[in-house]
Amino acid sequence: MTSPEIRVQGLHKSFGDNHVLRGIDLEIAQGEVVCVIGPSGSGKSTLLRCVNLLEEPTEGQVFVGGTEVTDPDVDIDAVRRRIGMVFQQFNLFPHLSVTENLTLPQRRVLGRDKAAAERVAAGNLARVGLAEKADAHPSALSGGQQQRVAIARALAMDPEVMLFDEPTSALDPELVGDVLAVMRSLAREGMTMMVVTHEMSFAREVADRVVFMDGGVIVEEGRPEQVIGAPRHERTRHFLSRLLDPATAEVEEGLPEAGGPDRA
(Lines give C-alpha, C1' and ligand atoms only; values in the text may rest on other atoms or scores of the structure.)
Protein backbone atom coordinates (compact mmCIF):
# COMPACT_ATOMS: atom_id res chain seq x y z
CA MET A 1 0.00 0.00 0.00
CA THR A 2 1.35 3.43 -0.96
CA SER A 3 2.24 5.62 2.00
CA PRO A 4 0.30 8.89 2.28
CA GLU A 5 1.77 12.03 0.74
CA ILE A 6 0.87 13.99 3.88
CA ARG A 7 0.46 12.44 7.33
CA VAL A 8 -0.39 14.44 10.45
CA GLN A 9 -0.29 12.56 13.74
CA GLY A 10 -1.32 13.79 17.19
CA LEU A 11 -0.82 17.43 16.21
CA HIS A 12 -1.22 20.13 18.85
CA LYS A 13 -0.46 23.83 18.52
CA SER A 14 -0.78 26.50 21.19
CA PHE A 15 -0.17 30.22 21.05
CA GLY A 16 0.37 31.09 24.69
CA ASP A 17 -2.81 30.01 26.49
CA ASN A 18 -4.72 29.60 23.21
CA HIS A 19 -4.80 25.88 22.36
CA VAL A 20 -5.58 26.15 18.63
CA LEU A 21 -5.01 22.54 17.48
CA ARG A 22 -6.05 19.78 19.85
CA GLY A 23 -4.76 16.47 18.52
CA ILE A 24 -5.17 16.36 14.74
CA ASP A 25 -4.76 13.06 12.86
CA LEU A 26 -5.02 13.31 9.08
CA GLU A 27 -3.68 11.49 6.02
CA ILE A 28 -3.76 12.70 2.42
CA ALA A 29 -2.92 10.26 -0.37
CA GLN A 30 -0.84 11.09 -3.42
CA GLY A 31 -3.06 12.85 -5.98
CA GLU A 32 -5.87 13.41 -3.47
CA VAL A 33 -7.61 16.77 -3.10
CA VAL A 34 -8.72 17.49 0.46
CA CYS A 35 -10.70 20.63 1.31
CA VAL A 36 -10.63 21.79 4.93
CA ILE A 37 -13.68 23.79 5.99
CA GLY A 38 -14.87 25.26 9.26
CA PRO A 39 -15.61 28.52 11.08
CA SER A 40 -13.04 31.25 11.65
CA GLY A 41 -10.75 30.39 14.54
CA SER A 42 -11.22 26.62 14.12
CA GLY A 43 -7.53 25.99 13.39
CA LYS A 44 -7.71 25.39 9.62
CA SER A 45 -4.94 27.78 8.55
CA THR A 46 -2.78 26.84 11.52
CA LEU A 47 -3.00 23.19 10.48
CA LEU A 48 -1.99 24.09 6.94
CA ARG A 49 0.96 26.18 8.14
CA CYS A 50 2.14 23.36 10.39
CA VAL A 51 2.42 21.05 7.37
CA ASN A 52 5.40 23.01 6.01
CA LEU A 53 6.53 24.26 9.43
CA LEU A 54 5.59 27.90 8.93
CA GLU A 55 4.15 27.27 12.37
CA GLU A 56 6.07 24.88 14.63
CA PRO A 57 3.77 22.35 16.28
CA THR A 58 3.68 22.24 20.06
CA GLU A 59 3.30 18.46 19.95
CA GLY A 60 2.87 15.75 17.33
CA GLN A 61 4.39 14.77 14.00
CA VAL A 62 4.00 15.83 10.37
CA PHE A 63 5.26 13.77 7.44
CA VAL A 64 5.44 14.90 3.80
CA GLY A 65 6.40 12.32 1.19
CA GLY A 66 7.65 10.01 3.95
CA THR A 67 9.96 12.66 5.47
CA GLU A 68 9.21 13.81 8.99
CA VAL A 69 8.93 17.59 8.76
CA THR A 70 8.87 17.87 12.55
CA ASP A 71 12.18 16.01 13.03
CA PRO A 72 14.58 18.56 14.60
CA ASP A 73 17.33 17.37 12.24
CA VAL A 74 15.28 17.59 9.03
CA ASP A 75 16.48 19.78 6.16
CA ILE A 76 13.33 21.91 6.17
CA ASP A 77 14.42 23.91 3.12
CA ALA A 78 14.68 20.67 1.13
CA VAL A 79 11.22 19.62 2.31
CA ARG A 80 9.70 23.00 1.50
CA ARG A 81 11.03 22.79 -2.05
CA ARG A 82 8.55 19.94 -2.51
CA ILE A 83 5.61 21.94 -1.14
CA GLY A 84 3.94 24.82 -2.97
CA MET A 85 2.05 27.30 -0.79
CA VAL A 86 -0.54 29.84 -1.92
CA PHE A 87 -1.73 32.35 0.67
CA GLN A 88 -4.74 34.64 1.00
CA GLN A 89 -2.51 37.55 0.02
CA PHE A 90 -0.48 37.30 -3.17
CA ASN A 91 2.93 38.31 -1.76
CA LEU A 92 4.30 39.35 -5.14
CA PHE A 93 7.26 41.73 -5.39
CA PRO A 94 5.69 44.96 -6.71
CA HIS A 95 8.93 46.25 -8.28
CA LEU A 96 9.46 43.08 -10.34
CA SER A 97 7.68 41.98 -13.50
CA VAL A 98 5.51 38.87 -13.47
CA THR A 99 8.29 36.84 -15.10
CA GLU A 100 10.84 38.13 -12.60
CA ASN A 101 8.51 37.15 -9.72
CA LEU A 102 8.50 33.61 -11.10
CA THR A 103 12.20 33.32 -11.96
CA LEU A 104 13.71 34.78 -8.79
CA PRO A 105 12.83 31.86 -6.46
CA GLN A 106 13.79 29.31 -9.10
CA ARG A 107 17.25 30.83 -9.49
CA ARG A 108 17.87 31.38 -5.78
CA VAL A 109 16.43 28.14 -4.41
CA LEU A 110 16.71 25.64 -7.27
CA GLY A 111 19.83 27.10 -8.88
CA ARG A 112 18.32 27.30 -12.36
CA ASP A 113 20.01 29.58 -14.86
CA LYS A 114 18.13 32.58 -16.23
CA ALA A 115 17.11 30.96 -19.52
CA ALA A 116 15.84 27.77 -17.88
CA ALA A 117 13.95 29.70 -15.22
CA GLU A 118 12.31 31.88 -17.87
CA ARG A 119 11.22 28.80 -19.85
CA VAL A 120 9.63 27.30 -16.75
CA ALA A 121 8.02 30.65 -15.90
CA ALA A 122 6.54 30.98 -19.38
CA GLY A 123 5.13 27.46 -19.25
CA ASN A 124 3.45 28.00 -15.91
CA LEU A 125 2.06 31.40 -16.86
CA ALA A 126 0.46 29.71 -19.85
CA ARG A 127 -0.82 27.01 -17.50
CA VAL A 128 -2.76 29.61 -15.48
CA GLY A 129 -3.89 31.53 -18.57
CA LEU A 130 -1.62 34.57 -18.17
CA ALA A 131 1.05 34.13 -20.85
CA GLU A 132 0.31 37.63 -22.16
CA LYS A 133 1.07 39.21 -18.75
CA ALA A 134 4.70 38.05 -18.57
CA ASP A 135 6.14 41.58 -18.72
CA ALA A 136 3.47 43.28 -16.61
CA HIS A 137 4.00 44.42 -13.03
CA PRO A 138 1.62 43.28 -10.27
CA SER A 139 0.05 46.73 -9.97
CA ALA A 140 -1.26 46.36 -13.54
CA LEU A 141 -3.09 43.14 -12.71
CA SER A 142 -6.44 42.44 -11.08
CA GLY A 143 -6.52 40.63 -7.76
CA GLY A 144 -7.55 37.42 -9.47
CA GLN A 145 -4.69 37.71 -11.96
CA GLN A 146 -2.22 38.34 -9.14
CA GLN A 147 -3.41 35.21 -7.35
CA ARG A 148 -3.02 33.18 -10.54
CA VAL A 149 0.54 34.54 -10.83
CA ALA A 150 1.13 33.42 -7.23
CA ILE A 151 -0.08 29.93 -8.16
CA ALA A 152 2.19 29.92 -11.23
CA ARG A 153 5.11 30.97 -9.03
CA ALA A 154 4.47 28.04 -6.69
CA LEU A 155 4.14 25.62 -9.63
CA ALA A 156 7.42 26.86 -11.12
CA MET A 157 9.20 25.25 -8.17
CA ASP A 158 7.96 21.79 -9.31
CA PRO A 159 6.15 20.94 -6.07
CA GLU A 160 4.81 17.50 -5.23
CA VAL A 161 2.14 18.99 -2.94
CA MET A 162 0.18 22.25 -3.13
CA LEU A 163 -1.25 23.95 -0.04
CA PHE A 164 -3.89 26.67 -0.49
CA ASP A 165 -4.89 28.93 2.40
CA GLU A 166 -8.22 30.59 1.49
CA PRO A 167 -6.83 31.55 -1.96
CA THR A 168 -9.99 33.41 -3.02
CA SER A 169 -10.91 35.16 0.24
CA ALA A 170 -9.20 38.45 -0.68
CA LEU A 171 -10.80 38.59 -4.13
CA ASP A 172 -13.90 40.36 -5.38
CA PRO A 173 -16.59 37.77 -6.15
CA GLU A 174 -16.35 38.24 -9.91
CA LEU A 175 -12.63 37.37 -9.83
CA VAL A 176 -12.96 34.12 -7.91
CA GLY A 177 -13.96 31.93 -10.85
CA ASP A 178 -10.68 32.16 -12.78
CA VAL A 179 -8.62 31.19 -9.74
CA LEU A 180 -10.87 28.22 -8.97
CA ALA A 181 -10.65 27.14 -12.62
CA VAL A 182 -6.86 26.93 -12.31
CA MET A 183 -7.22 24.87 -9.16
CA ARG A 184 -9.70 22.54 -10.86
CA SER A 185 -7.17 22.05 -13.64
CA LEU A 186 -4.45 21.14 -11.13
CA ALA A 187 -6.78 18.61 -9.51
CA ARG A 188 -7.43 17.00 -12.91
CA GLU A 189 -3.66 16.77 -13.44
CA GLY A 190 -3.37 14.72 -10.25
CA MET A 191 -1.70 17.30 -8.00
CA THR A 192 -1.91 16.48 -4.29
CA MET A 193 -3.76 19.45 -2.80
CA MET A 194 -4.80 20.55 0.67
CA VAL A 195 -7.17 23.50 0.42
CA VAL A 196 -8.55 25.64 3.24
CA THR A 197 -11.64 27.22 1.72
CA HIS A 198 -15.12 28.60 2.23
CA GLU A 199 -16.01 27.88 -1.42
CA MET A 200 -18.48 25.06 -0.86
CA SER A 201 -19.26 24.64 -4.57
CA PHE A 202 -15.55 24.10 -5.26
CA ALA A 203 -15.23 21.63 -2.38
CA ARG A 204 -18.31 19.74 -3.53
CA GLU A 205 -17.12 19.55 -7.14
CA VAL A 206 -13.36 19.03 -6.82
CA ALA A 207 -12.52 17.54 -3.43
CA ASP A 208 -12.01 13.82 -2.98
CA ARG A 209 -12.57 14.40 0.72
CA VAL A 210 -13.85 17.24 2.90
CA VAL A 211 -12.61 17.77 6.46
CA PHE A 212 -14.73 19.89 8.80
CA MET A 213 -12.86 21.45 11.73
CA ASP A 214 -14.19 23.28 14.75
CA GLY A 215 -12.55 24.12 18.07
CA GLY A 216 -9.17 22.80 16.97
CA VAL A 217 -10.38 19.27 16.21
CA ILE A 218 -11.62 17.37 13.17
CA VAL A 219 -15.33 16.96 13.77
CA GLU A 220 -16.22 15.16 10.57
CA GLU A 221 -14.59 14.02 7.34
CA GLY A 222 -15.68 12.12 4.27
CA ARG A 223 -16.81 12.45 0.67
CA PRO A 224 -18.16 15.91 -0.24
CA GLU A 225 -21.64 14.59 -0.85
CA GLN A 226 -21.68 13.23 2.68
CA VAL A 227 -20.04 16.06 4.66
CA ILE A 228 -21.62 18.93 2.71
CA GLY A 229 -24.75 17.22 1.42
CA ALA A 230 -25.73 15.10 4.42
CA PRO A 231 -23.56 15.99 7.45
CA ARG A 232 -23.80 13.64 10.41
CA HIS A 233 -22.79 16.10 13.13
CA GLU A 234 -24.85 19.00 14.42
CA ARG A 235 -21.78 21.29 14.45
CA THR A 236 -21.27 20.65 10.74
CA ARG A 237 -24.94 21.25 9.96
CA HIS A 238 -24.89 24.50 11.97
CA PHE A 239 -21.78 25.77 10.16
CA LEU A 240 -23.17 24.99 6.71
CA SER A 241 -26.53 26.59 7.53
CA ARG A 242 -24.71 29.81 8.53
CA LEU A 243 -22.75 29.78 5.26
CA LEU A 244 -26.01 29.57 3.34
CA ASP A 245 -27.54 32.46 5.30
CA PRO A 246 -26.04 35.72 3.91
CA ALA A 247 -27.28 37.82 6.84
CA THR A 248 -25.59 35.58 9.40
CA ALA A 249 -22.44 35.30 7.31
CA GLU A 250 -22.21 39.09 7.04
CA VAL A 251 -22.38 39.46 10.82
CA GLU A 252 -19.71 36.80 11.34
CA GLU A 253 -17.38 38.38 8.79
CA GLY A 254 -17.11 41.33 11.18
CA LEU A 255 -16.11 39.19 14.16
CA PRO A 256 -12.41 38.90 15.11
CA GLU A 257 -10.56 35.63 14.56
CA ALA A 258 -10.61 33.52 17.71
CA GLY A 259 -6.84 33.12 17.62
CA GLY A 260 -5.90 36.47 16.10
CA PRO A 261 -4.36 36.95 12.62
CA ASP A 262 -3.54 33.77 10.70
CA ARG A 263 -5.11 31.60 13.37
CA ALA A 264 -8.05 30.36 11.28
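The legends below describe close-up views of a predicted model.

**Figure 1. Helix α5 over strands β6 and β7.** Helix α5 lies across β6 and β7 and runs at about 170° to β6. Strand β6 is joined to strand β7 (residues 161–165) by four bridges, and the two run parallel. Within this pair, V86 stands opposite F164 of β7.

**Figure 2. The open sheet of six strands.** The strand order is β6-β7-β8-β3-β9-β10, and the pairing is mixed. At the edges are β6 (83–86) and β10 (217–222), each of which pairs on one side only. From one strand to the next, the twist averages 15°.

**Figure 3. Strand β3 and its two partners in the sheet.** Strand β3 (residues 33–37) is largely enclosed by the rest of the structure, because five of its five residues are buried. The side chains of V33, C35 and I37 point one way from β3, those of V34 and V36 point the other way, and all are buried. One partner is strand β8 (residues 192–196), which pairs with β3 in the parallel sense over four bridges. Here V36 stands opposite V196 of β8. The pairing with strand β9 (residues 209–214) is also parallel and also spans four bridges. In that pair, V210 of β9 is the bridge partner of C35.

**Figure 4. The hairpin of β1 and β2.** Strand β1 (residues 6–15) and strand β2 (residues 18–28) run antiparallel and are joined by eight bridges. S14 has H19 of β2 as its bridge partner. Two residues lie between the strands of this hairpin, and G16 takes a positive phi near 65°.

**Figure 5. Helix α3 and the helices it packs against.** Helix α3 (residues 98–110) has 13 residues and spans 18 Å from its first C-alpha to its last, close to the 18 Å expected at 1.5 Å a residue. Its buried residues are V98, T99, N101, L102, T103, P105 and Q106. The buried residues of α3 pack against α4 (114–127) and α5 (143–155). After the helix comes G111, with a positive phi near 75°.

**Figure 6. The nonpolar cores.** The largest nonpolar core has 46 residues, and those with the most contacts inside it are L125, V149, I151, M162, F164, M183 and M193. Helix α6 (residues 173–188) supplies the largest share of this core, seven residues. Another core lies apart from it and has 27 residues, among them L21, L47, V62 and L163.

**Figure 7. The surroundings of M193.** Which residues is M193 in contact with, leaving aside its neighbours within four places in sequence? They are E32, V33, V34, M162, F164, M183, L186 and A187. M193, M162, F164 and M183 are also among the residues with the most contacts inside the largest nonpolar core.

Figure 8. Side chains of opposite charge can pair when their charged atoms come close. The closest N and O atoms of R148 and D178 are 3.5 Å apart, and the two residues form a salt bridge. This pair links distant parts of the chain, with R148 in helix α5 and D178 in helix α6, 30 residues apart. Buried means under 20% relative accessible area, so R148, at 10% relative accessibility, counts as buried. D178 has a relative accessible area of 44% and is therefore partly exposed.

Figure 9. E205 forms a salt bridge with R184, and their closest N and O atoms are 2.9 Å apart. Because E205 lies in helix α7 (residues 200–206) and R184 in helix α6, the pair ties together parts that are 21 residues apart in sequence. E205 counts as exposed, at 53% relative accessibility. Elsewhere, salt bridges that share partners join E32, R209 and E221 into one network.

**Figure 10. The salt bridge of R49 and E55.** A search of the whole structure finds twelve salt bridges. In one of them, the side chains of R49 and E55 meet at 3.6 Å, N to O. Are the residues of this pair buried or exposed? Both R49 and E55 are buried.

Terms used:
Residues are numbered from 1 along each chain as its sequence is written. This is a predicted model: local features need pLDDT of at least 70, side-chain atom pairs count only at pLDDT 80 or more; totals for chains, interfaces and linings use all residues. Side-chain values use heavy atoms; hydrogens and water are left out. Buried means under 20% relative accessible area, exposed over 50%, partly exposed in between (1.4 Å probe, protein chains only). Two strands pair if DSSP finds at least two bridges between them. The expected span of a helix is 1.5 Å times one less than its number of residues. Contact means heavy atoms within 4.5 Å. A nonpolar core is a set of buried Ala, Val, Leu, Ile, Met, Phe, Trp, Tyr and Cys residues joined through side-chain atoms within 4.5 Å. A salt bridge is a side-chain nitrogen of Lys or Arg within 4 Å of a carboxyl oxygen of Asp or Glu. Axes are lines fitted to C-alpha atoms, for helices over the stretch in contact, and angles run from 0 to 180 degrees between N-to-C directions.
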